[in-house]
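User: Could you take me through this model? I would like to begin with the overall fold and then move to particular contacts.

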Amino acid sequence: MANPNPGNPGVDSTPESQMSHFSDDALPTALIDLRNKHGYVNEVIQYCETAYLSNDKKEIEAQTKEYMIDALSAVTKDIELISTNLTSFLDLQVTAIESLAPQLELVKNRIALVKAQHAQNRLQRTRKVVHSQVPEQKKEALPESEVSLNSRNLGAYQRIPLSERLKMLDGVGNCLSK
């Protein structure tokens, strides 16, 4: 696999190692270089100010322009390097965060599944407790006026032979024994 940072042969192509390179080496080094250039620019300014007062002004003015152009171009290059490194570092971090989305979705689904299983177990335990404690049913009698004819108590059944039942019909005029 090719090294994505040809100027940095010690950095391999894994995002973790690249982020480590930027955070531990590239960005701090570039910031230190920029701080050093700031000191250099201040030294150039002080030299030019003192030389302008004591020497040939046109020559010092030309030298000052040349020094300032060199110093500002060096600072500009450092700022460009810092911004490039920082942009690359942030891109790697965004990529790493985006790669976590499927894992977070998986964790979210697992949590939902565990919650559903836990709720199902609690429901089953609750049902067992409720079924083992059967409540007593209340029995209330209706008032006498609301009791239907079908629900009234009938007297005890007395078996009467068929021949006796038929004899009771003889008085009505039906005669079966002729």
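Analyst: The answers below go from the chain as a whole to single residues. This is a predicted model, in which local features need pLDDT of at least 70, side-chain atom pairs count only at pLDDT 80 or more, and totals for chains, interfaces and linings use all residues. Residues are numbered from 1 along each chain as its sequence is written, and side-chain values use heavy atoms, with hydrogens and water left out.

User: How many helices and strands does the protein chain have?

Analyst: The protein chain has 4 helices and 0 strands, in the order α-α-α-α along the sequence. Helices (H or I, at least four residues) and strands (E, at least two) are DSSP runs, numbered from the N terminus.

User: What share of the residues counts as buried?

Analyst: Of 178 residues, 12% count as buried. Buried means under 20% relative accessible area, exposed over 50%, and partly exposed in between (1.4 Å probe, protein chains only).

User: At what angle do α1 and α2 pack?

Analyst: Helix α1 (residues 15–54) and helix α2 (residues 57–99) pack at about 165°, their axes being 9 Å apart. Axes are lines fitted to C-alpha atoms, for helices over the stretch in contact, and angles run from 0 to 180 degrees between N-to-C directions. The angle therefore makes α1 roughly antiparallel to α2 (under 35 degrees is roughly parallel, over 145 roughly antiparallel, 65 to 115 roughly perpendicular, the rest oblique).

User: Which residue classes make up that contact?

Analyst: The contact of α1 with α2 has 30 nonpolar, 7 polar and 4 charged residues. Ala, Val, Leu, Ile, Met, Phe, Trp, Tyr, Cys and Pro count as nonpolar, Asp, Glu, Lys and Arg as charged, and the others, Gly among them, as polar.

User: Switching topic, how many salt bridges does the search find?

Analyst: The search of the whole structure finds 1 salt bridge, formed by the side chains of Lys-37 and Asp-78 (3.0 Å, N to O). Lys-37 lies in α1 and Asp-78 in α2, so the pair ties together parts 41 residues apart in sequence. A salt bridge is a side-chain nitrogen of Lys or Arg within 4 Å of a carboxyl oxygen of Asp or Glu.
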